Amino acid sequence: MSSTSPPRKPLVVALMGPTASGKTAAALELARHVPAEIVSVDSALVYREMDIGTAKPTPAERASVPHHLIDILDPTESYSAMQFRQDALRLVEEIQARGKLPLLVGGTMLYFKALQDGLDVLPQADPALRAQLDREAEQFGTPALHARLATLDPETAARLKPNDAQRIQRALEIIALSGQPMSQLLARAPRVELPFRLLPIALEPSDRSVLHARIAARFDVMLKAPDGLLEEVRRLRARGDLHLDLPSMRCVGYRQAWEYLDGAYGLAELREKGIAATRQLAKRQLTWLRSMPDRIVVDCNDANATELVWQQLGRALDE
């Protein structure tokens, strides 16, 4: 290396993938090979009292490797992509100072994009416009706002569920304030220079039906466990300060369980709706991943997927 060459930036691993792709198992295996700490990149794991439906790492798993950005908020609170970016940058620096490898692990792709590209290009929230959109959502329903977004910014609308009120209203707010779709603003945003080199590894299925079977099996375990998803949602409802308009209660599985407990449908339909919603989440996550051309794809259906992830990390560490 030339004496004038800049020093090599420290390595950070981004382990991405759709739900049920085996990210947690792969991250824990990596941490067996190298001293590491895990930073969760998951908008659901930030909430306390929500363990079953979020497939949160077990206490034993969290004891074996330090985890961050898990159980940091009450379910009444909200957490933004910009907050994640600030927290993640701080945590990466702290983990590196301890001489360990930061592993960014999760499936909230907007958080990964916020970290890598930044979000400063988006206009700040406008309270008056937010209030107007809230009134329109109450009058016409969130699906109607989603339909409006689909005509104005089809790329963003395709990533959002028709009842994702918070993100739909934010996307419409951005269009009203800037005159441009959020997808275009993000695409034109200048790339942010990170203080580390990011190794993006994506666990993706070569056969999506295998992933769908995993999703169904995991949801069945959540439903059938003695202290499973339904009991967890019953406890959350009993608090008396939660409702379905909160970001926490819009997480996949929680909304469906809440509506079941309201008597909206039976157990068989709960299972069907919960699995369908989780599959839709996985589809959106894979759509995000396909927009990341620099990622290294590892087939999560491969029996040796975890070993293949380690091989990719080993190569990067040797560089």
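**T76 lies in the loop between β3 (67–68) and α3.** Helices (H or I, at least four residues) and strands (E, at least two) are DSSP runs, numbered from the N terminus. The model shown is predicted: local features need pLDDT of at least 70, side-chain atom pairs count only at pLDDT 80 or more, and totals for chains, interfaces and linings use all residues. Residues are numbered from 1 along each chain as its sequence is written, and side-chain values use heavy atoms, with hydrogens and water left out. With a relative accessible area of 34%, T76 is partly exposed; buried means under 20% relative accessible area, exposed over 50%, and partly exposed in between (1.4 Å probe, protein chains only). The side chains of T76 and D74 are joined by a polar contact of 2.7 Å. Such a contact is a pair of N or O atoms within 3.5 Å; within protein, one must be able to donate a hydrogen and the other to accept it, and residues adjacent in sequence count only if both atoms are side-chain atoms. Apart from neighbours within four places in sequence, T76 is in contact (heavy atoms within 4.5 Å) with R239, D241, L242 and L246. The C-alpha atoms of T76 and H243 are 8.8 Å apart in space, although 167 residues separate the two in sequence.

**T19 occupies the loop between β1 (11–16) and α1 (23–33).** With a relative accessibility of 10%, T19 counts as buried. A polar contact of 2.4 Å links its side chain to that of R218. R218 is also among the residues that T19 touches when those up to four places away in sequence are not counted; the others are L211, I215, T278, L281, A282 and Q285.

**A20 and E49 are loop residues with positive phi values.** A20 is placed in the loop between β1 and α1. Its phi is near 70°, a positive value in a residue other than glycine. A20 counts as buried at 11% relative accessibility. E49 is found in the loop between β2 (36–41) and α2 (59–64), and its phi is likewise near 70°, again positive in a residue other than glycine. In contrast to the buried A20, E49 is partly exposed, with a relative accessible area of 41%.

**R85 is a buried residue of helix α3 (residues 81–97).** R85 has a relative accessibility of 13% and counts as buried. When its neighbours within four places in sequence are left aside, R85 is in contact with A114, L115, G118, V192 and L194.

**L11 belongs to strand β1 and touches residues from several parts of the chain, including Q96, R197 and L313.** A relative accessibility of 11% makes L11 a buried residue. Beyond residues up to four places away in sequence, L11 also touches L101, P102, L199, A316 and L317.

**W310 is part of helix α14 (residues 305–318).** Not counting residues up to four places away in sequence, W310 touches L30, H33, V34 and L317. L317 is also touched by L11. From W310 to L129 the distance is 48 Å, C-alpha to C-alpha, across a sequence separation of 181 residues.

Along the principal axes, the C-alpha atoms fill a box of roughly 65 × 50 × 35 Å. Of the 319 residues, 50% count as buried. Among the contacts with a separation of 6 or more, 76% come from residues 24 or more positions apart. The accessible surface (Shrake-Rupley method with a 1.4 Å probe; for residues, only the protein chains shown count as cover) is about 15,400 Å², and carbon and sulfur atoms contribute 52% of this surface.
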